[in-house]
Amino acid sequence: MAAADLRDNLLGISWVDSGWVPILNPGNVLDYFSERSNPFYDRTCNNEVVKMQRLTLDHLNQMVGVEYILLHAQEPILYIIRKQQRQSPTQVIPLADYYIIAGVVYQAPDLGSVISSRVLSAVHGIQSAFDEAMSFCRYHPSKGYWWHFKDQEEREKVKPKSKKKEEPSSLFQRQRVDALLLDLRNKFPPMFYQPKPGEKPIPVEVKKEPELPAEAAKQEERETATKTPAPSAPSKPPPEKRARLQ
């Protein structure tokens, strides 16, 4: 557990010695990496044994244990150091990689750490999105669920309130006026009508009933007078019977 915490801590730190930066090259980069203040360097490695015995780095192939080698160099900005476990002259197991950029040493994360970091970032983003969405959710027993966003309140404040249009007349008044206009139209029919807008109005032909001559009108009045029966006199009720005196 402590080793895992130490590894996680090393992934979040860096180390640099400004005195070495101007003179770094592939020949002395391992000496720079083996400085005592470097937290990434293991003092029990074979490099430390070779250094104490003043041997060359070629003797590392004949030893067994942890060692550091220069894996890649891109002068003057980039150097990659590998930490590996040597089991035989031809068999090694990589343990960690370190890259040096402009003299600053970092530990390269392993694949598991990269995937774990990406998954954690994604889960955190999704959780934050759900938390923010839940903050806009509202519920009422009579209305149910709905969304209430903050910018909606700002839009409602900025949006000018539209005044309700007042109707000039009520429904009763409109229906009553329509009935009066229809009645007037029947009494006084239009004298002109316009087939299409912009065209000249055309007069309406009104058919009038032929007037009867005076003599025929008088004769018709006489006939109607003779046909109407004269009012009959009201019938009297029968006389009442009186009782005889004895």
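# A first tour of a predicted model

The protein exposes about 21400 Å², and carbon and sulfur atoms supply 58% of that area. The model is a predicted one.

Me: How many helices and strands does the secondary structure of the protein come to?
Reply: This protein has 246 residues. Its secondary structure comes to seven helices and eight strands.

Me: What share of the contacts with a separation of 6 or more comes from residues 24 or more positions apart?
Reply: Take the contacts in the protein with a separation of 6 or more. Residues 24 or more positions apart account for 32% of them.

Me: Which element gives the most to the largest nonpolar core?
Reply: The largest nonpolar core has 19 residues. Those with the most contacts inside it are Phe33, Tyr68, Ile81, Tyr98, Ile100 and Val105. H2, E1, E2 and strand E3 (91–101) each supply at least two residues of this core. With four residues, the element that gives the most is H2.

Me: Are Trp20 and Tyr32 buried or exposed?
Reply: The cut-off for buried is under 20% relative accessible area. Both Trp20 and Tyr32 are buried.

Me: How many residues apart in sequence are the parts tied together by Phe33 and Tyr68?
Reply: Phe33 and Tyr68 form a tilted aromatic pair, 5.3 Å centre to centre with 55° between the planes. Phe33 is buried, and so is Tyr68. Phe33 lies in helix H2 and Tyr68 in strand E1 (residues 65–74), so the pair ties together parts that are 35 residues apart.

Me: Which residues form one aromatic cluster with Phe33?
Reply: Phe33 already pairs with Tyr68. The cluster that holds Phe33 also takes in Phe40, Tyr41, Tyr68 and Tyr98.

Me: How many bridges pair E1 with E2?
Reply: E1 and E2 form a hairpin with three residues between them. Gly65 has Arg86 in E2 as its bridge partner. E1 and strand E2 (residues 78–88) pair in the antiparallel sense, and the bridges number nine.

Me: Which residues does the cis peptide bond join?
Reply: The loop between E1 and E2 holds Pro76. The bond has an omega of about -5°. The residues joined are Glu75 and Pro76.

Me: Which residue in E4 does Tyr98 stand opposite?
Reply: E3 and strand E4 (residues 104–107) run antiparallel, joined by four bridges. In E4, the residue opposite Tyr98 is Gln107.

Me: Where does Ala102 lie, and what is its phi?
Reply: Ala102 lies in the loop between E3 and E4. That hairpin has two residues between the strands. At 39% relative accessibility, Ala102 counts as partly exposed. Its phi is positive, in a residue other than glycine, and is near 55°.

Me: Is Arg54 buried or exposed?
Reply: Arg54 is found in the loop between helix H3 (46–52) and E1. It has a positive phi of about 55° although it is not a glycine. Exposed means over 50% relative accessible area. Arg54 has 79% relative accessibility, so it counts as exposed.

Me: Which residue in E6 does His140 stand opposite?
Reply: Strand E5 (residues 137–140) and strand E6 (residues 144–147) run antiparallel, joined by four bridges. The hairpin goes from E5 to E6 through three residues. Opposite His140 stands Gly144.

Me: Which residue lies over the face of Trp146?
Reply: The distance to the ring centre is 5.6 Å. The residue over the face of Trp146 is Lys143.

Notes
Residues numbered from 1 in each chain as written. Predicted model: local features only at pLDDT ≥ 70, side-chain atom pairs only at ≥ 80, totals over all residues. Heavy atoms only, no water. Buried < 20%, exposed > 50% of the residue type's maximum accessible area, 1.4 Å probe, protein only. Phe/Tyr/Trp six-rings, centres within 6.5 Å; stacked < 30°, edge-to-face > 60°. Lys NZ or Arg CZ within 6 Å of the ring centre and 35° of its normal. Pairing = 2+ DSSP bridges. Contact = heavy atoms within 4.5 Å. Areas by Shrake-Rupley, 256 points an atom, 1.4 Å probe, with all protein chains shown as cover. Core = buried A, V, L, I, M, F, W, Y, C linked by side-chain atoms within 4.5 Å.
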